[in-house]
Amino acid sequence: MRDSVNPVDRFNRWFGRARAAHDPMLDIAALATAGANGTPTVRFVLLKQADDRGFVFYTDKRSPKGRMLKENPSAALAFYWDRIDRQVRIEGSVEEVSGEEADRYWASRERGSQFSASASVQSAQLENRADLVARVARLKRTFGDKPIPRPSYWTGFRLRPKRVEFWVRGASRLHQRELFVLTGKRWKRVMLQP
Ligand SMILES: Cc1cc2nc3c(=O)[nH]c(=O)nc-3n(C[C@H](O)[C@H](O)[C@H](O)COP(=O)(O)O)c2cc1C
């Protein structure tokens with residue numbers, strides 16, 4: 001193992017390259033969680049921030065993923081950028097962002113998304129789509145042009161990375177893989193076989 005650079009910096013460099021290549025999956029990550037019973041579940045989320053504190057996405061914490069993260073606050077993210085032939089996998093522990101941070105992001109969202117998030121109980125069974133549309137219409141009448149407050153259940157989660165793997169496609173499947181593991185406060189880097 002060798003001492004190495006911070007994987008978040010490398011993630012952001014790769015993210016910049018994927019953006020420059022107009023990768024359609026730029027900020028879309030598969031998020032894997034498992035609750036107390038250990039059954040894994042995966043779905044896509046949008047990455048909203050990546051810095052030394054971690055990787056942030058937003059959701060409805062009453063959802064299955066929110067419940068799982070409460071029972072077992074660890075998760076994994078996977079990005080795949082086809083335009084640059086790269087994958088990044090991130091594993092670590094998860095914590096909720098502060099109320100102020102969630103408020104700031106909420107305020108930056110377009111109003112239509114705010115109404116939708118306010119009207120929906122994410123992943124709860126829906127008997128009738130018309131009911132949901134009516135709830136949105138009621139909220140629009142109630143709030144008019146006034147600011148829509150962030151629902152307390154709608155928040156962000158920050159994944160603090162402990163393991164980050166960078167994968168670059170190689171010819172004849174001889175891919176290049178590097179794994180960064182947080183040991184104490186330092187990142188150690190190893191190469192992995194394809
Ligand atoms: C491209 C894409 C981006 C998505 N981004 C988010 C997101 O940022 N937050 C979110 O809660 N759901 C997002 N979803 C919906 C989730 O994939 C999922 O359907 C929803 O969060 C419910 O997941 P759960 O029942 O496992 O909690 C996205 C779906 C797609 C296809």
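Buried residues, meaning those with 20 or more other C-beta atoms within 10 Å of their own, the C-beta atoms being placed from the backbone, make up 21% of the 194 residues in the protein chain. This is a predicted model, in which local features need pLDDT of at least 70 and side-chain atom pairs count only at pLDDT 80 or more, while totals for chains, interfaces and linings use all residues. Residues are numbered from 1 along each chain as its sequence is written.

**Overall layout**

- The secondary structure of the protein chain comes to five helices and ten strands, where helices (H or I, at least four residues) and strands (E, at least two) are DSSP runs numbered from the N terminus.
- The C-alpha trace of the protein chain spans about 60 × 35 × 30 Å along its principal axes.
- Among contacts between residues at least 6 apart in sequence, 63% join residues at least 24 apart, a contact being two residues whose C-beta atoms, placed from the backbone, lie within 7 Å.

**The nonpolar core**

- The largest nonpolar core has 27 residues, and those with the most contacts inside it are F55, F57, A75, L77, I90, F157 and L159; such a core is a set of buried Ala, Val, Leu, Ile, Met, Phe, Trp, Tyr and Cys residues joined through C-beta atoms within 7 Å.
- The elements giving two or more residues to this core include α1 (7-20), β5 (54-60) and β8 (154-168), and β6 gives the most, with five residues.
- Leaving aside neighbours within four places in sequence, F157 is in contact with F57, T59, L69, V94, E95, E96 and V97.

**Packing of α4 and α5**

- Helix α4 (residues 111-119) and helix α5 (residues 129-143) pack at an angle of about 120°, with their axes 9 Å apart; axes are lines fitted to C-alpha atoms, for helices over the stretch in contact, and angles run from 0 to 180 degrees between N-to-C directions.
- The two helices are therefore oblique to each other, as angles under 35 degrees count as roughly parallel, over 145 as roughly antiparallel, 65 to 115 as roughly perpendicular and the rest as oblique.
- On the α4 side the contact is made by F115, S116, S118 and A119, and on the α5 side by L132, R135, V136, L139 and K140.

**A36 in its loop**

- A36 is found in the loop between β2 and β3 (40-46), and this residue is exposed because 10 other C-beta atoms lie within 10 Å, the cut-off for exposed being 12 or fewer.
- Leaving aside neighbours within four places in sequence, A36 is in contact with E71 and N72.
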